[in-house]
Amino acid sequence: MIKSLKIKNYALINDVIINFKEGFTVLGGETGAGKSIILDALSLLLGKRVDRFAINSKKKTIIEGVFKLDNSFINFFHQHNIDYDDITIIRREVNSNGKSRAFINDTPVLLNILSDLGSQIVEIHTQNQSVLLQDQLSQFTLIDLFSNTNKILSNYQLQFNKYKDLHTELIKIKDSGSLSENELDFLNFQINELSLANLQVGEKEELETKIDFLENIQGISEVIKNGELTLNDEYGVISRLSLLEKRMLDYDAFKDISNRINSVLIELNDLNDHLSSKSDNLNCEPSQLHNFSSRLDELNALLNKYRKSDESDLINYLNELQQKLNLSKSYNNLLKDVSSKIEVQLNILSNLSNELNKIRCAALPAFEKEVEKNLNNLGMPHARFKVKFIECNDFHYYGKTEIKFLFSANKGSSLLEVSKVASGGELSRLMLVMKYISAKSIGLHTLFFDEIDIGVSGEIASLMGNMMSEISISAQVIAISHLPQVASKANQHLKVVKHIINNKTVSDVKNLNNEERIMEIAKLLSGKEVSSEAYENAKVLLNQ
């Protein structure tokens with residue numbers, strides 16, 4: 001569950017700390033007060049992309065949440081090298097340029113890790129998420145949660161991924177094996193041309209160095225000659241220093257200096273030997289420059305022809321060509337082998353998908369009955385709900401069937417797809433029922449509803465409030481709502497208010513006490529001017 005949420009410098013919020021309680025919390029306030037900002041801030045904390053327009057342009061945005069977790073999260077924390085604590089602190093910082101950093105228990109984490117953890121801690125239902133009732137992935141997820149297919153579904157999906165890998169391999173083989181005779185001739189020509197080139201990594205650079213040396217050999221020779229004269233001539237540096245050293249040896253006063261001169265002479269003799277070796281390398285055949293230049297031209301021509309940057313790229317390309325040729329030569333055998341494996345895999349998938357469908361179909365009557373029972377509890381006594389499976393031609397991640405949710409709200413009406421028959425209020429109730437069932441099936445930690453009660457009022461709103469209250473027995477529920485019937489069911493009532501501070505509008509969050517709750521619910525019942533009847537009615541609602 002979420003224990004607290006700190007928001008600093010985000011949209012209209014300067015600095016707010018919201019403390020949440022267990023059970024059912026309702027978040028109210030006038031339209032435009034900033035309720036959605038709080039939801040956006042929580043979404044941002046849990047890994048949502050940054051909305052530049054909500055970030056304070058001058059100050060760093062900081063959003064920090066304190067969450068109470070159970071032991072089921074230990075493996076996740078260890079997997080990502082994060083210190084586990086049952087009281088976990090998540091923080092996200094966003095600069096004015098939109099760049100953000102995320103931390104879990106003060107450990108920096110990537111956004112995808114934050115998002116992964118966030119999706120396990122808090123499930124957020126926004127006003128446009130009723131479309132999930134029409135999304136096949138979400139529908140399969142609901143049914144599989146209810147029918148407890150986790151083990152068989154995981155096995156099926158593992159085998160499905162193997163099938164996809166084999167199918168990709170088959171396409172690659174077919175692409176390689178479908179070469180025409182002309183294409184094979186051209187492939188062989190390229191392989192032959194590159195093989196005869198006897199390519200070696202670094203050869204081009206070495207050739208360029210040798211050619212540069214040979215092209216400047218006359219100047220290099222003169223430098224070497226001058227160097228040898230300077231060092232080795234009768235009156236050269238080495239002779240003069242040797243003579244000076246010899247004279248200094250006769251006097252102890254010059255012992256240190258003579259030792260230093262000796263060190264210099266050793267270095268100069270080494271330089272002289274190095275110059276001599278350079279001189280030996282000058283003895284080359286005139287044809288060498290021609291040979292080196294021809295080889296360099298050959299390499300450059302190949303690099304230009306095949307649009308590669310260096311010899312290693314050419315060698316890699318040659319290996320690819322050879323693999324392609326080998327694949328083409330063994331095409332029939334490979335094709336037969338992979339096709340056989342695919343046939344086996346399809347048989348495995350068929351058996352697993354049939355088993356999946358049996359488990360799902362066995363659970364459907366209970367699921368449909370559960371949905372209809374809860375819809376009845378929400379004031380829809382004639383609602384009918386059915387799940388229909390339709391076999392399709394190809395396997396997909398959830399089996400070999402399509403799924404449809406069929407719904408009828410009124411007696412005598414035909415069952416049709418949810419999107420074609422449900423009104424806004426009916427969708428809200430149906431969505432709440434789905435969340436109610438899934439919450440019982442998977443043990444959610446925190447559910448955040450953004451006006452899931454939209455489109456309903458009166459007794460129905462009260463019934464929806466009862467259902468949210470019932471969900472809150474096993475999971476923390478936070479709901480944005482304008483309905484007094486829903487607000488009265490909450491264990492905690494928070495109100496978002498706006499103030500003018502230094503000619504600037506800012507939002508704040510107030511935790512209402514009992515008397516303040518009565519007044520707020522009375523306002524929801526009668527408007528700004530609270531009548532005595534509304535006040536008494538609010539007290540009755542709170543005491544129900």
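Here are some friendly notes on the structure above, point by point.

1. **What kind of model this is.** This is a predicted model, in which local features need pLDDT of at least 70 and side-chain atom pairs count only at pLDDT 80 or more, while totals for chains, interfaces and linings use all residues. Residues are numbered from 1 along each chain as its sequence is written, and side-chain values use heavy atoms, with hydrogens and water left out.

2. **Overall form.** The protein has 19 helices and 15 strands; these are DSSP runs, numbered from the N terminus, with helices being H or I of at least four residues and strands E of at least two. Its C-alpha trace spans about 125 × 75 × 40 Å along the principal axes. Of the 544 residues, 42% are buried. Here buried means under 20% relative accessible area, exposed means over 50%, and partly exposed lies in between (1.4 Å probe, protein chains only).

3. **A covered helix.** Take a look at helix α1, residues 35–45: nine of its 11 residues are buried, including Ile 37, Leu 39 and Leu 44. Gly 47 follows α1 and has a positive phi, near 115°.

4. **A residue in the last-numbered stretch shown here.** Where is Ser 507 found? Ser 507 sits in strand β15, residues 504–511, and counts as buried because its relative accessibility is 5%. Leaving aside neighbours within four places in sequence, its contacts (heavy atoms within 4.5 Å) include Leu 12, Ala 33, Gly 34 and Val 497.

5. **Salt bridges.** How many salt bridges does the structure hold? There are 18 salt bridges, each being a side-chain nitrogen of Lys or Arg within 4 Å of a carboxyl oxygen of Asp or Glu.

6. Asp 106 and Arg 91 meet in a salt bridge of 3.3 Å, N to O. Asp 106 is in the loop between β6 (100–104) and β7 (107–109), and Arg 91 is in strand β5, 15 residues apart. Asp 106 is exposed, at 60% relative accessibility, whereas Arg 91 is buried, at 16%.

7. **Two more pairs.** Lys 204 and Glu 208 form a salt bridge, with the closest N and O atoms 3.0 Å apart; the two are four residues apart in helix α7, so about one helical turn separates them. Glu 368 and Lys 386 form another, at 3.7 Å. Glu 368 lies in helix α13 and Lys 386 in strand β9, so this pair ties together parts 18 residues apart in sequence. Glu 368 is buried, at 9% relative accessibility, while Lys 386 is partly exposed, at 36%.
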